[in-house]
Amino acid sequence: MITNRVFIKFICLLSVLFYCNTSIATDILRVSIPQMPVHAVSKDEGVLVDFVKVLAKKLDQNIEIQIVPFSRSIYYVITNQVDFHLPFIKPKAENSPQDNFIYSDETIFHVNFVLYTHKDRFVDLTKLVNYKIETDAAHLPFFSELKMGSSCILCSLKKVQHKMTDGYIFADSSTDPLLRENLPLLAAVKRQLYKKFEVKMVFPKTEKGQSLNKALSVIVNEMRLSGELQQLLSSVDFIYNDWQIE
C-alpha cells in the first residue's frame with residue numbers, strides 16, 4: 001500500500017524529470033548549413049559541420065544541424081526557424097541591402113569568389129551588368145550587377161560550358177571540387193578571381209540572435225588566437241590559386 005508521503009515523493013520525482021527533459025529540449029540550438037562540397041556534404045560530413053560541433057562543445061550546448069539548399073537556409077534565419085546559419089559573405093556596407101538578420105561580430109574565414117566563363121568568351125569584370133551571369137540565388141541581393149540566380153552549382157557550370165550563359169560567380173571552395181570532378185564535361189570552362197570576402201555566421205534579428213552572436217563570437221575569437229580556427233577551416237580558407245583546365 002502506497003502511503004501519502006511515498007506518493008508525494010513519487011510525484012515530485014516525476015516533476016523533476018519532466019522539468020529536466022523540458023530544460024534540455026529548450027537548450028537545443030538549431031543551425032542550418034547549405035549543402036555544398038567540402039563545407040557540408042551531410043549533417044555528419046563537412047568542414048563546417050565539424051566547426052559547428054566544436055562550437056557546441058565549447059558552448060556546452062546541443063546544436064541540431066540541418067543541411068538544406070542555400071536560399072532555404074537564409075529563409076530559415078529570416079523567419080526565425082533556426083538560431084543561426086553559416087556561411088554567408090559580408091560585402092561592403094554600400095552593397096548590403098539586407099536588414100533582416102544579424103552578421104556575427106567575428107569573421108570565421110575568408111572566401112574567394114571566382115568568375116567562371118567559357119574560354120572563348122571575354123567578360124569585363126567592370127561591366128558585369130552587360131552580361132548574363134549567374135550566382136547563387138541567396139547572394140543576388142548583394143550583387144546589383146547580376147540578375148540571374150541559381151541553386152545548382154554544377155548546372156550553372158554546364159550552362160557556361162555550353163554558352164547558355166556568359167558566366168557564373170561563386171565561392172571557389174564550393175565550385176572547384178565539382179569542376180575538377182567533372183573536367184571531361186566542363187573542359188571549356190576557365191576561371192578568374194572576382195573578389196575576396198569575409199565570411200560570417202548570421203542570426204535572426206532578435207534578442208536571442210544578438211545574445212548568441214556575442215557568445216559565439218567570443219568563442220571564434222578565442223579559436224583564432226589559439227590557431228585552432230585556421231587549422232579547422234584551412235580547407236575553405238586559402239589564397240586564390242589561378243589554376244586552369246588544360
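This is a predicted model: local features need pLDDT of at least 70, side-chain atom pairs count only at pLDDT 80 or more; totals for chains, interfaces and linings use all residues.
**Group meeting: a disulfide, a helix pair and a cavity**

Okay, so the count here comes to one disulfide, meaning a pair of cysteine sulfur atoms within 2.5 Å. Residues are numbered from 1 along each chain as its sequence is written, and side-chain values use heavy atoms, with hydrogens and water left out.

Back to that disulfide: C152 is joined to C155, S to S 2.2 Å. The torsion about their S-S bond is about 70°, so the disulfide is right-handed.

Next, two helices (DSSP runs of H or I, at least four residues, numbered from the N terminus). The axes of α2 (residues 47-59) and α6 (residues 207-226) come within 11 Å and cross at roughly 105°. Axes are lines fitted to C-alpha atoms over the stretch in contact, with angles from 0 to 180 degrees between N-to-C directions. So α2 and α6 are roughly perpendicular, the word for 65 to 115 degrees.

Who touches whom, with heavy atoms within 4.5 Å? F51, V54, L55, K58 and L59 in α2 meet L212, A215, L216, I219, V220 and M223 in α6.

Last, the structure holds one cavity of 30 Å³ or more: on a 1 Å grid over the protein atoms alone, a set of points where a 1.4 Å probe fits but cannot get out. Of the 14 lining residues (an atom within 4 Å of a point), the closest to the centre are F70, P87, V111, F113 and A171.

Technical notes
Angles under 35 degrees count as roughly parallel, over 145 as roughly antiparallel, 65 to 115 as roughly perpendicular and the rest as oblique. Contact means heavy atoms within 4.5 Å. On a 1 Å grid over the protein atoms alone, a cavity is a set of points where a 1.4 Å probe fits but cannot get out, and a pocket is an open set with protein on both sides within 12 Å along at least five of seven lines; lining residues have an atom within 4 Å of a point. Grid points are joined across faces, edges and corners, and a volume is the space filled by probe spheres set on the points.
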